[in-house]
Amino acid sequence: LKKLRVLRVFSVFETLDEALFQAVKAGDDLNAKKRFAQRVADAGMQVGTGIMAGLGAWEDRPHAYAAALDYLSKMDNLACLYISKFRHAQNIQLNEHPECPLEEALALVACARLVLPSLHIRAAAGWRKSEGEKARKAGAGNIQIGPSFSERADAGCWKEDPDRE
């Protein structure tokens, strides 16, 4: 990839809490993702990753966010972090889990900006269009990922639902 002049490769964690990772990403391997990110950095390319606000038990999340940001602050060649916001969508198994409150996601963005001041931080999946400006004011950059595409008509990414707050 380096010979092809690839600038950045993503290894997305969603969460760095190992027990939570295993629960929400069955069949995936957090340590393998960490090793992959290190191989990307060792090859001299930028590393990108993502974490998701709103996963896990409410009382555990502040500690999990702090531990994740501490880990990310020590990653080699980390250049980009996107922060997703857990929200209900079609084809996911966590729809019984409460959606992430906006204030919580904004606080995570703000903390990430303080801990990782030179990093490109962006709001990603789960943020409603109406929340983009607030994410930017909390510290997210000026790039947003647009709608994702799926075989279904609504992947739940940006669609505004009048029945949802």
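Select Lys33: this residue is buried, with a relative accessible area of 17% (buried is under 20%, exposed over 50%, partly exposed in between, with a 1.4 Å probe and protein chains only). The model is predicted, so local features need pLDDT of at least 70 and side-chain atom pairs count only at pLDDT 80 or more, while totals for chains, interfaces and linings use all residues. Residues are numbered from 1 along each chain as its sequence is written, and side-chain values use heavy atoms, with hydrogens and water left out.

**Stop 1**

Asp28 forms a salt bridge with Lys25, the closest N and O atoms being 3.6 Å apart.

Lys25 is at 19%, so Lys25 counts as buried. Asp28 is at 33%, so Asp28 counts as partly exposed.

**Stop 2: Arg61 and Glu104**

Select Arg61 and Glu104. Their side chains meet in a salt bridge, 2.6 Å from N to O. Arg61 lies in helix α3 and Glu104 in helix α4 (residues 102–115), so the pair ties together parts that are 43 residues apart in sequence. Helices (H or I, at least four residues) and strands (E, at least two) are DSSP runs, numbered from the N terminus.

Buried or exposed, which is Arg61? Arg61 is buried, at 6% relative accessibility. Glu104 is buried too, at 11%. How many salt bridges does the count come to? The count is seven.

**Stop 3: an aromatic pair**

A search of the whole structure finds two aromatic pairs. Rings of Phe, Tyr and Trp (its six-membered ring) pair if their centres lie within 6.5 Å; planes under 30 degrees apart are stacked, over 60 edge-to-face, and the rest tilted.

Select Phe13 and Tyr71. Their ring centres are 6.3 Å apart and their planes are at 80°, so the pair is edge-to-face. Phe13 is in the loop between β1 (8–10) and α1 (18–24), and Tyr71 is in helix α3 (residues 61–73). The pair links distant parts of the chain, 58 residues apart.

Phe13 is buried, at 0% relative accessibility. Tyr71 is partly exposed, at 31%.

**Stop 4: a charge on the ring**

The charged end of Lys34 sits over the ring of Tyr71, 4.6 Å from its centre. The rule asks for NZ of Lys or CZ of Arg within 6 Å of the ring centre and within 35 degrees of the ring normal.

Methods:
Salt bridge = Lys/Arg side-chain N within 4 Å of Asp/Glu carboxyl O.
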